[in-house]
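Hi everyone, thanks for coming. Let me put the structure on the screen, and then I'll walk you through a few parts of it.

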Amino acid sequence: MDSPIYGFFIFLISFSAFISPTFPEKPTSGGGGGGAGVNSNSVLVALLDSHYTELAELVEKALLLQTLEDAVGRHNVTIFAPKNEALERDLDPEFKRFLLEPRNLRSLQKLLLHHIIPSKIGSDHWPSSDAPHFVSLSSDALHLDKKGENRIVGGLATVIHPDAIVRPDGVIHGIERLLVPKSVQEDFNRRRSLSSISAVKPEGAPEVDPRTHRLKKPAPPSPAGSPPALPIYDAMAPGPSLAPAPAPGPGRGHKHFDGESQVKDFIQTLILYGGYNEMADILVNLTSLATEMGRLVSEGYVLTVLAPNDEAMARLTTDQLSEPGAPEQIMYYHLIPEYQTEESMYNAVRRFGKVRYDTLRVPHKVVAREADGSVKFGSGEGSAYLFDPDIYTDGRISVQGIDAVLFPPDAEPPSAAAPTAAKVVAQRKVTVKPPRYFAGKLLEVTCRMLGAFGQRSHFTTCH
């Protein structure tokens with residue numbers, strides 16, 4: 001008899017539990033919710049909306065928004081924001097161009113993360129001079145110091161706007177200059193000055209003897225009043241006794257040639273010639289090809305470099321350079337293990353029509369042919385013309401400028417190859433019969449025709 005009352009009591013309990021309000025958990029102090037994101041009152045949002053527009057723009061270009069959002073979500077931060085003038089007018093244009101290049105994205109990210117400390121340090125809690133170094137988000141040490149009334153960051157930058165922006169999860173201090181980590185500065189210096197290249201371009205281009213392909217030595221000065229001397233060797237036809245000695249192979253005559261100096265000379269010539277800076281940069285900085293070429297020349301090998309100009313290198317896409325080893329493979333295809341000049345290559349293509357040169361990208365070869373009074377490499381849209389002949393020739397290394405980047409033709413897939421007779425027969429499902437089979441069939445048909453006329457019994461073969 002108590003069942004209606006009991007049911008009504010259960011209904012009241014369920015309904016009260018349904019309509020009772022639920023309150024969110026209170027976030028823990030000192031963090032931003034364990035990486036759950038940032039709110040509108042975050043120091044990161046304040047930075048993006050502040051008057052530090054140059055810094056905010058660099059943060060977006062460096063693709064650091066998600067990284068900083070995760071950092072603010074884990075702990076409080078202190079951001080040292082350089083003033084806009086420090087990033088606009090005071091910053092070296094060449095250094096800014098270096099930071100904005102896509103290949104230097106890691107350097108830009110490291111530089112920006114160097115301005116952030118994973119702890120909240122207000123002006124009232126600024127450490128004294130004997131405080132330990134702090135570790136920035138770039139994993140580099142950052143020292144905070146105090147000289148009189150001035151607060152110093154990194155030993156160089158003075159805080160000009162302390163506590164410029166204060167939020168529960170962080171604080172922003174305005175500083176007078178950019179903080180550059182040592183690793184980023186070294187990377188910039190290495191790319192800018194090509195520190196491994198110390199050679200100086202000679203006053204004049206080296207003169208090569210077209211007969212021996214060796215450097216001509218300047219004639220000694222003649223004494224005053226002496227008759228002019230006719231060099232007898234220049235008047236003689238080249239014969240076996242005058243042929244140049246073969247280049248020493250690997251392991252024989254090692255270090256006989258100063259290959260490192262010769263490679264430095266030709267790379268420095270590329271830079272001072274103008275229009276081939278990207279090629280020099282790839283040989284020296286992005287790859288170790290300059291060292292490899294120096295070792296090869298020291299061991300007695302000769303090389304011909306087909307050097308694409310800067311306009312050709314600018315047409316390369318990110319996908320073509322992003323694969324591991326892609327710059328090396330591209331450059332290997334432009335290195336010919338022969339000594340060729342513009343004259344020798346042009347004479348060869350004029351005589352033979354088409355010449356295939358071996359490259360260091362084994363087993364691919366580069367095809368040269370005569371076109372429009374010059375030498376054309378490759379075929380179709382991927383062809384390149386000999387644009388700047390004989391940029392550098394010293395008898396061991398020859399550099400020829402071209403107007404496009406060469407790529408080896410892709411290997412044809414098996415389906416694209418010319419179909420063989422066996423494949424055609426298999427595709428058509430035709431069974432090839434031997435000649436004896438067709439002779440037997442012909443004899444059978446003949447016997448049937450004779451049987452129709454009653455003459456089959458006269459031929460024993462039909463039996």
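**Salt bridges, strands and a pocket**

The structure holds five salt bridges, a salt bridge being a side-chain nitrogen of Lys or Arg within 4 Å of a carboxyl oxygen of Asp or Glu. Before I go through some of them, a word on what you are looking at. This is a predicted model, in which local features need pLDDT of at least 70 and side-chain atom pairs count only at pLDDT 80 or more, while totals for chains, interfaces and linings use all residues. Residues are numbered from 1 along each chain as its sequence is written, and side-chain values use heavy atoms, with hydrogens and water left out.

Let's take K96 and E54, whose closest N and O atoms are 3.9 Å apart. This pair links distant parts of the chain: K96 sits in helix α6 (residues 93-100) and E54 in helix α3 (residues 53-61), 42 residues apart. Helices here are DSSP runs of H or I with at least four residues, strands are runs of E with at least two, and both are numbered from the N terminus. Are these two buried or exposed? E54 counts as buried, at 12% relative accessibility, whereas K96 is partly exposed at 27%. For those labels, buried means under 20% relative accessible area, exposed means over 50%, and partly exposed is in between, with a 1.4 Å probe and protein chains only.

Helix α3 also holds E57 and K61, four residues apart, about one turn of the helix. They form a salt bridge too, with the closest N and O atoms 3.1 Å apart. E57 is partly exposed at 35%, and K61 is partly exposed at 43%.

Another salt bridge joins K365 to D358, with 2.1 Å between the closest N and O atoms. K365 is partly exposed at 36%, as is D358 at 34%.

A368 has F377 in β15 as its bridge partner. The two strands form a hairpin with two residues between them, and D372 in the turn has a positive phi of about 55 degrees.

From β15 we carry on to β16 (residues 384-393), which runs antiparallel to β15 and is joined to it by two bridges. Here K376 stands opposite Y385. This hairpin has six residues between its strands, with G378 in the turn at a positive phi of about 80 degrees.

Now for an open sheet of six strands. What is the strand order? It runs β2-β1-β8-β7-β6-β5, with mixed pairing. β2 (116-117) and β5 (144-147) are the edge strands, each pairing on one side only. Inside that order, five bridges join the antiparallel strands β7 (residues 157-167) and β8 (residues 170-175), and R167 has G170 as its bridge partner.

Last stop, the second largest pocket. A pocket, on a 1 Å grid over the protein atoms alone, is an open set of points where a 1.4 Å probe fits, with protein on both sides within 12 Å along at least five of seven lines; lining residues have an atom within 4 Å of a point. Fourteen residues line this one, with P102, R103, L286, T318 and L321 nearest its centre. Helices α11 (277-286), α13 (310-314) and α14 (318-322) each supply at least two lining residues.

Technical notes: Two strands pair if DSSP finds at least two bridges between them.
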